[in-house]
Each structure stands twice: as C-alpha cells, then as structure tokens.
Amino acid sequence: MHREEASVSFAQQRAAADAELDVDVAALADGLSREGLELAVVSTPSILRRLAARIAPRVEPGTDRVCASGVSDAALAIAVSLHTGVAAAIFDDEGAALSEIHAGERVVVVSVRGGARASELVAALGAEGHEQVELVVALEADGQAAEHAQGQTAGQA
Amino acid sequence: MTDAVTELIERFAAISPTSGDEGVSRLAYTDLEREAHAVFAEHMRRLGLRVWTEASGNTIAELEGTEDLAALGTGSHLDSVPNGGRFDGIAGVVAAMLTAEQIVESGTRPRHPLRFVVFAAEEGARFGQACTGSRVAAGLSTAADLAEIVDADGLALLDAMRSVGLDVDALDDARWQPQEWRAFIELHIEQGSVLATAGDRIGAVTVISGSSRFAIDLDGRAAHTGGTPMHLRLDASTAAAEIVLAAERLANDDRHRGTRITVGRIDVSPGSITTIPGHARLFVDVRDIDAARQRETADELLAIAHGIAARRGIGFAAERLGDASPAFLPSGIRNVIVEAARARGLDYRVMPSGASHDTQMISRVCAAGMIFVPSQNHGVSHAPEELTIAEDIATGQRVLLDALRSLDAQDGDADAQADR
C-alpha cells in the first residue's frame with residue numbers, strides 16, 4: 001500500500017491567530033504603563049514576530065523603507081523589515097535619520113501604538129517629499145489589533 | 001511545616017496500588033482518584049470550609065470572604081500517570097491545603113472568598129486528553145466533546161465518570177463564570193532541572209507552552225530480511241529513523257531556541273526480527289512558547305518527513321492529533337509572585353513552562369499565575385524518581401500564601417477585567 005498525502009497543516013486561520021495575539025498582548029499589558037507595554041511587546045519575540053507578520057501586508061510592493069523613531073517602534077520596524085525584506089530606516093526623537101534613506105523613496109512608518117512622535121515622523125517624511133507616506137499602527141490604545149492603518153500621502157502630511 | 005508537607009505527600013502516595021520503585025498509579029476517573037479527592041475534601045471540611053464536587057469531578061473548597069467580591073483560587077490535581085511520581089500536582093494541592101489551614105488558624109478572614117481546587121483528570125495518560133476537569137471549567141470541553149473519548153480498553157470517558165459517581169448530565173453547567181473569579185495561582189513542581197541547576201527556589205511562570213501533535217504513517221514493503229538486498233528494500237523503519245533525526249536537527253537549529261520536538265512513540269509492524277518493517281507510525285509532539293513558530297515548525301517537519309518518504313519510495317500519510325496554543329500568563333499576577341519571593345529574600349527565576357497545566361485552561365476564565373518549585377533528580381517527572389524536597393514545597397507554599405494575601409489586599413474586582 002502506497003499512500004501519498006501531506007495535506008495536514010497546522011497553519012491557523014487569520015482571525016483565530018489575531019484573537020490569540022490580542023489575548024497574549026492583554027496578558028502582557030497587565031499592570032504595565034503605555035511605554036512599559038510597548039517595550040514588553042517588542043522584547044517578547046513570539047509577540048513581536050506575530051505583530052510584524054500581522055502588519056506586514058501593509059508594506060505594499062514597491063515600498064523602499066520601513067521607518068520608525070523611538071526604541072520600541074524601531075524594534076517593530078526592524079522586525080517588519082526582517083519579515084518583508086524591505087530595508088528599515090530609523091530616526092531619532094528629533095526626526096533625524098540615523099540610517100540610510102533617500103528623497104523620493106516610498107516609505108511606511110510603523111508604530112506599536114501610534115502617538116505624536118509617529119505622526120510627526122509621518123509629517124516630516126511627507127514634507128521631505130517621500131511618496132505615499134503611511135502610518136501603520138500595530139495596536140490600538142486598548143492593546144487590541146489596529147484594524148485600520150492611518151494613511152497619508154505626500155503633500156498631505 | 002516541612003513535616004506537614006511530608007505527611008500529606010505520603011498520605012496521598014499511599015492511595016495507589018503501586019509504591020516504592022513502581023511509583024504512584026492513580027489514574028483519572030478511578031476510585032483511587034476520588035479517594036484522594038475525598039482526603040482533600042475531609043481536610044477542608046474539618047477547617048470549616050464549604051466543599052462541593054463539580055460534574056467534571058473537580059473538588060472545590062471555599063472559605064468565605066468578608067466582602068462580596070470575586071474569588072481568589074489556588075490548587076492543582078491529584079491524578080497521576082501510571083507508575084508516576086508523588087509530587088506532580090500533589091505538591092500544589094498540599095500547598096493549597098496548608099494555605100487554607102494557615103489562613104483559618106490565623107483567624108483573619110480574607111476580603112475575597114478563597115477557593116481551593118483539586119482538578120480532576122489533569123493527566124492525559126488514560127484518555128489522551130489532558131486537563132479534562134479544567135477544560136470543562138474553562139468551557140473548552142463540552143459533554144459532546146467528552147462523549148468521543150475512550151481509553152485504551154475501549155471504556156468511554158463519560159462511562160468512567162459515571163462509574164465514580166459523577167453526574168455527566170450536568171457537565172455543560174460546570175463551566176466557571178469569569179465574574180466569579182478574580183485570580184488563580186497554581187503551585188507546581190517544575191518537572192525540569194532549570195531551577196535546581198541555577199540554585200533558584202522559586203519559578204514565576206511567564207508562558208505555558210503550546211503543542212501541535214500529529215501522527216505519521218509510513219508504508220513500505222514487508223519482506224524477508226535475508227532474501228531482500230538492501231538496495232531493493234522499502235523499509236518503513238529506516239524512513240522513520242531518518243525522520244526522527246531530522247526532527248532533532250530541526251529543533252536544535254538556531255531558529256528554534258525554545259522549541260521542543262519529540263517523537264515519543266514509534267509503532268513498527270509486522271514487528272519480527274526477520275521481516276523488514278512494512279509499516280511505521282510515528283507520534284510527534286511539537287512544543288513551543290511561540291504560537292506562530294510552533295505551527296510553522298510542525299508544518300516544516302511534515303514537509304521534511306514527506307520529502308524523506310518520497311525519496312525512499314515510502315508511502316506517506318499524516319494525521320493531526322491535537323493543537324493547543326501557548327498561554328501567556330498575566331504579568332500582574334506574575335509580579336505579585338515575584339514580589340512575594342523577593343520579600344522573603346528567595347532567589348527566583350521568571351521562566352516559561354514546557355509542560356501543560358490546568359492553569360493554561362483556567363487562564364481563559366480569569367487572571368492566572370504559576371509558582372514553580374524545584375524538581376530534583378535532573379528534573380525527572382512522570383516517573384518514580386520524581387522528587388521535590390519538602391522544604392522547597394513549604395517555601396513555595398509561603399510564597400503562594402503571600403501572593404494570595406497581596407491579591408486579597410488589592411482593589412481586586414475592578415482589576416479583574418484588565419488582567420484578562
């Protein structure tokens with residue numbers, strides 16, 4: 001008897017995986033400040049990896065850089081960069097680039113939970129003439145998955 | 001206190017047809033398991049606690065609180081694998097019994113009700129499914145689910161439950177209501193050697209590993225061992241061996257720090273020394289603390305195994321046996337445990353749990369945490385050599401008591417939703 005069957009898979013449905021990730025983030029968030037949660041999220045590989053995978057589809061073909069400023073958002077950007085293969089560009093708190101980025105490049109800004117610093121980076125990159133600057137936030141304020149990326153295009157930022 | 005620990009451990013160990021080098025055998029849903037639960041229940045009744053048994057077989061003892069608040073809970077299980085150890089689960093129940101005793105004797109009533117729980121059928125050794133009592137409590141197993149399960153002798157799980165006097169018709173009403181529970185902490189032996197090797201006294205668990213389990217069937221050609229040259233064989237056992245080694249390589253590669261793959265059983269047939277095995281069935285367990293990596297690894301191993309079989313001309317089929325995600329435990333409860341250990345000047349370690357526990361299920365109901373105490377003898381568990389020093393259980397119990405008191409002093413119910 002020769003059988004050929006390899007259809008068994010443990011891949012989860014997207015909705016189930018997202019729901020589990022939200023539960024895990026909530027467990028991690030217990031008792032932590034906003035900054036504490038952001039740091040906890042990016043220093044827990046199983047959560048960072050899944051968050052990066054979840055927002056990676058927002059990095060569309062043709063994107064040149066995954067951008068972020070601040071420690072936690074930079075870690076998320078690098079995770080997304082590893083997942084997608086798109087280069088990362090990291091900025092300091094004043095918005096100065098700490099790594100390579102060029103005028104006219106199409107960029108996406110990623111952030112664990114959004115906020116003023118991420119929005120300012122989007123505005124600065126838009127003002128510098130980057131194409132289709134988009135902000136992708138991984139978690140809403142309550143720690144749940146952010147369902148909608150906050151998009152901005154060059155000239156509007 | 002160490003003497004009290006030893007006395008209770010010995011008392012439970014005696015409820016077994018085996019002893020000494022043969023270990024403890026107190027399987028799920030047997031009279032022996034119920035006898036052990038009865039010892040717990042009697043101890044708690046003597047302390048003045050209200051005791052009841054749930055349809056799933058879980059025994060709960062409640063000490064009333066002074067305020068109308070959700071309950072704080074602690075406990076573990078009293079069933080064992082065949083020829084198992086004396087401490088797995090029992091340590092947590094003994095800690096719960098001594099905690100109840102100390103709180104009652106202190107004369108200071110807690111604000112929250114305290115519930116001391118013995119879960120039924122934590123071990124999957126008899127029916128395949130582990131944590132049956134806590135799964136029912138968490139709503140993860142219904143009567144319909146349990147109706148599908150039989151043991152190796154063909155006895156249905158529900159019939160086994162009936163035979164020990166449980167009301168299986170009430171199973172679906174035995175689900176715990178989240179609003180009734182503020183938090184739950186389980187003390188358990190580590191079942192590994194991390195704490196003992198590091199010299200730490202307490203483990204505060206961060207995440208409980210998940211597992212993806214599957215069986216692989218390999219179909220070769222049974223033939224005479226003397227008459228069949230090596231190059232003309234379709235040997236299912238050598239394909240199985242290659243798959244086992246591939247699994248080991250996969251789990252040891254640098255993408256898998258924290259992954260554990262085990263081929264715990266290989267059935268080879270026809271099982272004759274003079275016949276080339278025509279069939280092999282492998283049972284594979286992939287455990288991880290990373291939910292995504294766990295599934296990716298299981299799928300990667302399946303693909304590798306399929307490739308090995310194809311290259312050898314061996315038929316391949318796979319069957320999914322189970323899939324459970326890792327459970328992160330709330331950092332708030334863990335911090336309470338860590339603070340309790342720190343306050344007593346104990347060396348502690350924040351660590352994952354490789355084994356599944358009832359708390360994994362209960363974390364679906366309320367904020368939950370785990371305290372590990374060191375396992376000796378290289379961390380051996382599920383075997384007669386399983387050993388945890390009574391003093392370490394007593395130390396863990398003190399941390400458990402402090403942690404429960406700390407939670408009791410917190411505002412409590414307002415925080416409950418935030419913990420989940």
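In the predicted model, B:Glu122 is located in the loop that runs between strand E4 (114-119) and helix H4 (132-137) of chain B. The residue is buried but takes part in no salt bridge. B:Arg287 carries the nearest side chain of opposite charge, and it is 8.8 Å away. With neighbours within four places in sequence left aside, the contacts of B:Glu122 are B:His77, B:Asp79, B:Ala130, B:Cys131, B:Ser356, B:His357 and B:Asp358.

Salt bridges do occur elsewhere, and their total over all chains is 37. Within chain A, the side chains of A:Arg50 and A:Asp24 form one of them, with an N to O distance of 2.8 Å. A:Arg50 belongs to helix H3 of chain A and A:Asp24 to helix H1 of chain A, so this pair ties together parts that are 26 residues apart in sequence. Both A:Arg50 and A:Asp24 are buried. A network of salt bridges in chain A links A:Arg14, A:Asp18, A:Asp22 and A:Arg54.

In chain B, a salt bridge joins B:Glu300 to B:Arg255, with the closest N and O atoms 2.9 Å apart. This pair links distant parts of the chain, 45 residues apart: B:Glu300 is in helix H9 (residues 291-312) of chain B, and B:Arg255 is in the loop between helix H8 (236-252) and strand E9 (260-269) of chain B. B:Glu300 is partly exposed, at a relative accessible area of 27%, and B:Arg255 likewise counts as partly exposed, at 43% relative accessibility. B:Arg281 and B:Glu319 form a further salt bridge, in which the closest N and O atoms are 2.9 Å apart. Since B:Arg281 lies in strand E11 (residues 279-288) and B:Glu319 in strand E12 (residues 315-324) of chain B, the pair ties together parts that are 38 residues apart in sequence. B:Glu319 counts as partly exposed, with 38% relative accessibility.

Between chain A and chain B, about 2,500 Å² is buried, of which 49% is on carbon and sulfur atoms. The contact involves 25 residues of chain A and 40 residues of chain B. Three salt bridges are counted between chain A and chain B. The side chains of A:Glu20 and B:Arg295 also meet in a salt bridge, with an N to O distance of 3.9 Å. Eleven residue pairs are in polar contact across the interface of chain A and chain B, both residues of each pair being at pLDDT 80 or more. On the side of chain A that touches chain B, helix H1 (14-29) and helix H3 (45-55) of chain A each supply at least two residues. H1(A) gives the most to this side, with six residues. By residue class, the side of chain A that touches chain B comprises twelve nonpolar, five polar and eight charged residues.

Chain A itself contains five helices and five strands, which follow the pattern α-α-α-β-α-β-β-α-β-β along the sequence. Of its 157 residues, 47% count as buried. Among the contacts in chain A with a separation of 6 or more, 58% are accounted for by residues 24 or more positions apart.

Key: Residues numbered from 1 in each chain as written. Chains lettered and ligands numbered in written order. Predicted model: local features only at pLDDT ≥ 70, side-chain atom pairs only at ≥ 80, totals over all residues. Heavy atoms only, no water. Helix = DSSP H or I, 4+ residues; strand = E, 2+ residues; numbered from the N terminus. Buried < 20%, exposed > 50% of the residue type's maximum accessible area, 1.4 Å probe, protein only. Lys, Arg positive; Asp, Glu negative; His and termini not counted. Salt bridge = Lys/Arg side-chain N within 4 Å of Asp/Glu carboxyl O. Contact = heavy atoms within 4.5 Å. Buried area = accessible area lost by both parts, 1.4 Å probe. Polar contact = N/O pair within 3.5 Å; in protein donor to acceptor, adjacent residues only side chain to side chain. Nonpolar A, V, L, I, M, F, W, Y, C, P; charged D, E, K, R; others polar.
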